[in-house]
Every structure is written in structure tokens, then in C-alpha cells.
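Hi,

Here is the structure I said I would pass on.

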Amino acid sequence: MSTNPQSDTYLLGDRPVRRLGYGAMQLAGPGVFGPPKDRDAALAVLREAIAQGVNHIDTSDFYGPHITNQLIREALAPYPADLVLVTKIGARRGADASWLPAESPDELRQAVHDNLRNLGLDVLDVVNLRIMGNIHGPSEGSIEDRLATLAELQRQGLVRHIGLSNVTAAQVAEARGICKIVCVQNHYNLVHRQDDALIDNLAKDGIAYVPFFPLGGFTPLQSSALSDVAGQLGATPMQVALAWLLRRAPNILLIPGTSSVGHLRENLAAGALELPANAVAALEQVA
């Protein structure tokens, strides 16, 4: 891994993690459902991530479901001492591969136990409470009842740290009045920047912000300015997009996902990419 300041470490709870991590969602089958087309390739990606110095992996037992966590366990257990596995609860998969809320106390408790079993752990490092919101993103409304269930599991010693996913600034504030929040995982990238103020506020309090879909997700980022900057720097547009996020705020932790070893290495190389002032100015106009 690069020792570039843009890719150094940041505290996730009480654990220092490198700012460039790995998101395991794409290891499942098409649509994040069912087994991967090539199980050996999926295992190879996980092992290469560790070999490249990654010590922050994002996952969930509803990826597959169960598949991604089982792959992580097969590839990496016994886990490296510095590895932080972050999972999330609050959703389930329908038989038709749909994404459905699973937010009752019983469902949340079962999800924690499912993650523990499939990852082969006695305690989960970080669990993000995923709020399903609406189809386009978070929606306002109290999350106290759901968070109280997760906080109780933390008191039982099954969860070390608690984070939030797909939430509004008001929900973050409400949650911080209930228990300690160590990270927020929301949709954010070069183009989708509704959380600018939230990121800066979290940075002041040392809370990590983990953007999902940092490269656009199911609709990859497309911008002539992004492509132009990439061409000037001899990099790919996706590397530039990741480098911009690392530069955006010190509390941003990245978890770009891929099912390809080559693409993984390409993503991690973004940590060494320097963005000159003129490139930053051009990218700031994209949003």
C-alpha cells in the first residue's frame, strides 16, 4: 500500500484502518444474489486485498444472502489481527432477489447472529444499522427503536461498535443521543454530494464517513471533466474519482468493490495519485 498521506490511516471506532479498504458486495452473484460465477476468483480477490495491505472490509449477510460472508471466512480465517470487518443489518433478500426491510427487533437480532455465524466470529467489529428509507435514498423519521435493539446487542458483547447507513443528518444526531456512533455510510461520490455538510461535521468529531457507490454503483460515473483529468494524469477516471474522495476530507474511508484482482489493484493504486490544483478545480465543477 502507498504511504501517501491521502491513503494513510483513520480510526474506525478504536481501530486504525487504512483509508482505502474493500467492499465485498460484488463477490456474490449477479444482482448481489446467489453464488459467484467463479468462486476461486472471488477467494483470490479477498486474499489479494489482504496481501495489498487492506485492513478494512465491508460486507453484509444479506449479500447473497450469506454468500459473501461465507467467502470471507473461507478466504481469510483465521483473520489477520489488524483486519476490521464491518457488516450491516436492517435488510433481507426476497426470493426474487428484491431488497426488503428487516427492521423488527427479532429480525435485527437474527441478523447479528447470522453475521457472527457466517463470518465465524464471537463478536462483530462494527455493525451498521441500515435504514431502508425510500427507493432513492434516506428518508426522515425516528430510528430510535431500531437503534435501541442494536445498542442492546452491543451491551451483550456481540457488537463492539455501531454505525449507521443510508441516514439523514437528523437521524445521525438522534442516534448520537442514544449511543456512540463510529461511522456513517451513505451514498456519496464526485457527482452525488448531498452529504457535504454532514461529512464536515462528522470530521470535527472524529467520526468516519464511508461513501457507498464511490464510483457510481450500478450506474458508473460518467463525466467529460473526469475523463479529461484522468487523461492528463495518465490514470483511469475511477482512480481519479477515488483520489478526489480521499482528498475531500480526512475522515472519508473508501470501500470500492470489485470481483477482479486486476481491478482491485487498480483501485488501490488511486491512493498514490496526486491531484494538482487545476485538476481539483475542474473536478469541483462536476457536481
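I started with the strands. β8, covering residues 124–130, runs parallel to β9, and the two pair over six bridges. Across that pairing, V159 of β9 sits opposite L124. Bear in mind throughout that this is a predicted model.

On to the β10 pairing: β9 and β10 are also parallel, here with four bridges.

How much of β9 is buried? Six of the seven residues in this strand, which spans 159–165, are buried, so the strand is mostly covered.

The other thing I looked at is R193. You'll find R193 in the loop that links β10 (181–185) to α6 (196–204). Is R193 buried or exposed? Its relative accessible area is 16%, and because the cut-off for buried is under 20%, R193 counts as buried.

What does the R193 side chain make a polar contact with? The partner is the side chain of E284, at 2.9 Å. If you skip the neighbours within four places in sequence, the residues in contact with R193 are Y188, W244, R248, A287 and, again, E284.

That's what I have for now.

Cheers

Technical notes
Residues numbered from 1 in each chain as written. Predicted model: local features only at pLDDT ≥ 70, side-chain atom pairs only at ≥ 80, totals over all residues. Heavy atoms only, no water. Buried < 20%, exposed > 50% of the residue type's maximum accessible area, 1.4 Å probe, protein only. Polar contact = N/O pair within 3.5 Å; in protein donor to acceptor, adjacent residues only side chain to side chain. Contact = heavy atoms within 4.5 Å. Pairing = 2+ DSSP bridges.
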